[in-house]
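This briefing concerns the structure shown below.

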Amino acid sequence: MKFYNTLTRQVEEFIPRQEGKVKMYTCGPTVYNFAHIGNLRTYLMEDVLEKTLRYLGYDVTRVMNITDIGHLSDDADSGEDKMLLGAKREHKTVRELAAFYTDAFFADCEKLNIKRPDVVQPATGCVDEFIRVIEALMDKGYAYKAGGNVYFDTSKVAQYHKFFNFKEEDLEVGVREGVDEDENKRNKNDFVLWFTKSKFEDQALKWDSPWGVGYPGWHIECSCIAMKYLGEYVDIHCGGIDNVFPHHTNEIAQSEAYLGHEWCRYWFHVLHLNTAGGKMSKSSGGFLTLQKLEEEGHSPMEYRFFCLLSHYRNSLVYSEDTFANAANAYRKLKSRAVALGSEGEAGGEAYERYKAQFREALENDLNTSLAVTCVYDVLKDKELAPAAKRALIAEFDKVLSLDLLKEEEAPKAGAPDAAYIEERIAARAAAKKAKNYAEADRIRSELAEQGVTLIDTPAGTTYKL
Ligand code: AMP
Ligand code: ZN
């Protein structure tokens, strides 16, 4: 298989270190808010990459971190801790916030048929590993203590900018407008490995360390979690394009300084989902969630289809119109697939040709839109037996995961209608507001008996039948 390697800036043949085995690492979400559909685009395309590798016969081990500490509102080391900001906003503890949004993230992934990675590791569960690696970096002279914090010394590595030949002045950290320069840094790209003297006196989670009570920086967590579960080498490291600098650049610097050899040969980055107004981001506030799309009557599979229609290396612009067109096309495609009969048999020359065509599309830099075109080609083939069409689409859906042949379940007999449920949800909210919790619980139980599960979210209550 070939895909674009950000490290070499070319489409390359992928050759894992160990034949047939792939060690894959994915930067996970910072769990201080819902994932927006831009974040989900990245996870969705990484899912297609993983499934393609499995489809091609590789044995894949995939690891993902959950960032529940240390990611500041500026990707460098300025600003406030995103988790702390979220906890204040929602009057929750940092742990409650992390648990809530981790669950919400995996619920979104499940709806989008994004496979859960083999290992999911929250950063707060690995603090001992972080301390051990930072200690080794100190011993080797790659880290220094200043103003209470521990910094990585980027001047000590032979080549800091592994990805691009950036001009240093284009990448100055800490001197962007509105951001205070960190006086403790010896070089402007140095980054924090361990915070003690933070400006956030109310930092909720702290651990003892050889450098004082504090907490880890964001970058060190990915290096350590990858090493803990995948060993000294990673085959593919993935993330959204904004992770290239500083996050992945820093991950490489510290991992290679620690290990003393090259760490990861292939870097896979997904370009952003943008709106007409620019990049979709959590901090800018105006972002779309999967739940919002569902409330507008769309299915998560429509969003998956929308993403598969464009290449991961192009920015994807979301607009209501372009999405509505894709959603429409998905519904039509699915209804044609579901309606296929089962006459005839699978197999034969054309059958094999379509399989090869599908495989080639994915092998060639993950061309998902061409892979989707294979589904259309199969459906419109007049010679192919319905059973062969079904078998091919089932095969393709191992990677596309669009539920193309899945019959939608009819609403459960006797389930109450939407208007009634909404009215009961409103009554429960009113009861809660009046502090009549017994009545609120009674309404919840009554609905549960009727097969309706209520889901409370910060944005209000939704339900599942
Ligand atoms: P975060 O939860 O902010 O750490 O981001 C999770 C993932 O989403 C990272 O891999 C980011 O690079 C990626 N990401 C952030 N914004 C976008 C966007 N607008 N489109 C696609 N991916 C994004
Ligand atoms: Zn990471």
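A residue is called buried when its relative accessible area is under 20%, exposed when it is over 50%, and partly exposed in between, with a 1.4 Å probe and protein chains only. By this criterion Val375 is buried, at a relative accessible area of 1%. The model is predicted: local features need pLDDT of at least 70, side-chain atom pairs count only at pLDDT 80 or more, and totals for chains, interfaces and linings use all residues. Residues are numbered from 1 along each chain as its sequence is written, chains are lettered from A and ligands numbered from 1 in the order in which they are written, and side-chain values use heavy atoms, with hydrogens and water left out.

**Zinc site**

- The zinc ion (ligand 2) is coordinated by Cys27 (SG), Cys222 (SG), His247 (NE2) and Glu251 (OE), at 2.0 to 2.7 Å.
- Donors are N, O and S atoms within 2.8 Å of the metal (3.2 Å for Na, K and Ca); water is not among the atoms, so sites may look incomplete.
- The arrangement is irregular because the four donor atoms subtend angles of 71 to 131 degrees.
- Four donors count as tetrahedral if all angles lie between 85 and 135 degrees; four count as square planar and six as octahedral if opposite donors are over 155 degrees apart and all others between 65 and 115; anything else is irregular.
- Along the chain, the donors of the zinc ion (ligand 2) show the spacing C-x194-C-x24-H-x3-E.
- Cys27 sits in the loop between β3 (21-26) and α1 (37-55) and His247 in helix α6 (residues 244-259), so this pair ties together parts that are 220 residues apart in sequence.
- Helices (H or I, at least four residues) and strands (E, at least two) are DSSP runs, numbered from the N terminus.
- Both Cys27 and His247 are buried.

**Largest pocket**

- The largest pocket has a volume of about 1,700 Å³, a volume being the space filled by probe spheres set on grid points that are joined across faces, edges and corners.
- Of the 37 lining residues, Lys111, Glu294, Pro300, Tyr463 and Lys464 are the closest to the pocket centre.
- On a 1 Å grid over the protein atoms alone, a pocket is an open set of points where a 1.4 Å probe fits, with protein on both sides within 12 Å along at least five of seven lines; lining residues have an atom within 4 Å of a point.
- Helix α3 contributes the largest share of the lining, seven residues; among the other elements that supply at least two residues each are α9 (320-338) and β16 (460-464).

**Annotated motif**

- The unreviewed UniProt entry annotates residues 29-39 as "short sequence motif: 'HIGH' region"; such annotations may be inferred rather than shown by experiment.
- Over residues 29-39 the chain is 27% helix and 0% strand, with the end C-alpha atoms 8 Å apart.

**Backbone features**

- The peptide bond from Phe245 to Pro246 is cis, with omega near 0 degrees, and Pro246 lies in helix α6.
- His91 has a positive phi, near 50 degrees, is placed in the loop between α2 (82-90) and α3, and is exposed at 74% relative accessibility.
- Asp403 has a positive phi, near 55 degrees, is found in the loop between α12 (386-400) and α13 (418-433), and is partly exposed at 21% relative accessibility.
- Most residues other than glycine have a negative phi, and most peptide bonds are trans.
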